[in-house]
Amino acid sequence: MRAQASPAEADRARALALLRRHGWNATSFQILEPGFSYWFEGDDACVAYLDTGGAWVAAGAPIAEPEHAPAAALAFVAAAAARGRRASFFGTEDRFAAAVPLAAMRIGEQPVWDPAAWDEALRRARSLREQIRRARAKGVAVRPFDPHLLAQPDGGPRVAVERLVARWEAARPMPPMGFLVQMHLHTELEERRFFTAAQGDELVGFVSMVPVFARRGWFIEDLVRLPEAPNGTAELLVDAAMRAAAAEGSRYLTLGLAPLAGAVGPWLRIARRTGGPLYDFRGVQAFKAKLRPETWTPIFISYPRAQLGVAVVYDALAAFARG
């Protein structure tokens, strides 16, 4: 007899069904990662959120038809208030921010490409072409990788990837965070695209792409390279991702949020200047910019106007810091 799905598994399956129909936010696929709770409004809308104890912090906008998302958001806010919680939506985009009667605090920008125009972007960017050439000249080769190999805990490919991730994390000044930046490579493997970069027999980098269903596009969720990997390894991985997306007919790809980039508010600009020892805000933005995106789109935290902005930022940090 087949085991009955647990309530958590059933909620996740419901969320995935809505995601396949309405997942428009760049980071919408990430609601399937472990740690989220799901709030549903009937069969029409879902919000994935983390309960910090003081607030329900949602991962992006509600997963719903565009015309239904504002009402779903307000219902979620009301449900949170009934439980004595503040509410906010982290990582929303213009479409939602303009449609819902909530405040919107700009927290950064994300770069966007049309993969079909990638060759033209390379033609106009000599320095980018040179970085890719350098990696190839150093013997770096990028190949597709079957994500299903990651389902084998003791298999050589998964062990090699996890060893690479451990070395990458050890070189970073901040400890691993939660919420929308945790690395989970083992969910919905059939939906992912994965490429590895190797120099000889050594794995030196990888890129993982997840779908943005309603845009028929892709989000580069993880781009990892060893600190000692040859120059151009990351660019070579992005090149492979762009070409794979273009081959599938996609016209949308993003590398996700560059935190605190662009026209953020005054005290977030202060955070950008003073937070450098913990997180390289300018370096992240500069790397994404040198890949020649077609445009940059603003990213927001959306929240009820009665809430204080400082409390909203505190709630988001509590979510990322996992308490």
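Student: Which residues line the second largest pocket?
Tutor: In this predicted model, the lining consists of Ala-8, Glu-9, Asp-11, Arg-12, Leu-32, Glu-33, Pro-34, Gly-35, Phe-36, Ser-37 and Tyr-38. A pocket is an open set of points on a 1 Å grid over the protein atoms alone, where a 1.4 Å probe fits, with protein on both sides within 12 Å along at least five of seven lines; lining residues have an atom within 4 Å of a point.

Student: What about the numbering and the confidence limits?
Tutor: Residues are numbered from 1 along each chain as its sequence is written, and side-chain values use heavy atoms, without hydrogens and water. As the model is predicted, local features need pLDDT of at least 70 and side-chain atom pairs count only at pLDDT 80 or more, while totals for chains, interfaces and linings use all residues.

Student: Back to the pocket: which element gives the most to the lining?
Tutor: Helix H1 does, with 4 residues. Helix H1 (7-22) and strand S1 (37-41) each supply at least two; helices (H or I, at least four residues) and strands (E, at least two) are DSSP runs, numbered from the N terminus.

Student: New topic. Where is Thr-233, and is Thr-233 buried or exposed?
Tutor: Thr-233 belongs to helix H7, residues 233-247. Thr-233 has a relative accessible area of 0%, so it is buried (under 20%; exposed is over 50%, partly exposed in between, with a 1.4 Å probe and protein chains only).

Student: What is Thr-233 in contact with?
Tutor: Leaving aside neighbours within four places in sequence, Thr-233 is in contact (heavy atoms within 4.5 Å) with Ala-135, Val-140, Ala-197, Val-204 and Arg-225.

Student: Which residues of H5 meet H7?
Tutor: On the H5 side they are Leu-128, Gln-131, Ile-132, Ala-135 and Arg-136, and they meet Thr-233, Glu-235, Leu-236 and Asp-239 in H7.

Student: At what angle do H5 and H7 pack?
Tutor: The angle is about 105 degrees, and the axes are 8 Å apart. Axes are lines fitted to C-alpha atoms, for helices over the stretch in contact, and angles run from 0 to 180 degrees between N-to-C directions. H5 and H7 are therefore roughly perpendicular, a term for 65 to 115 degrees.

Note on methods: Parallel < 35°, antiparallel > 145°, perpendicular 65-115°, else oblique.
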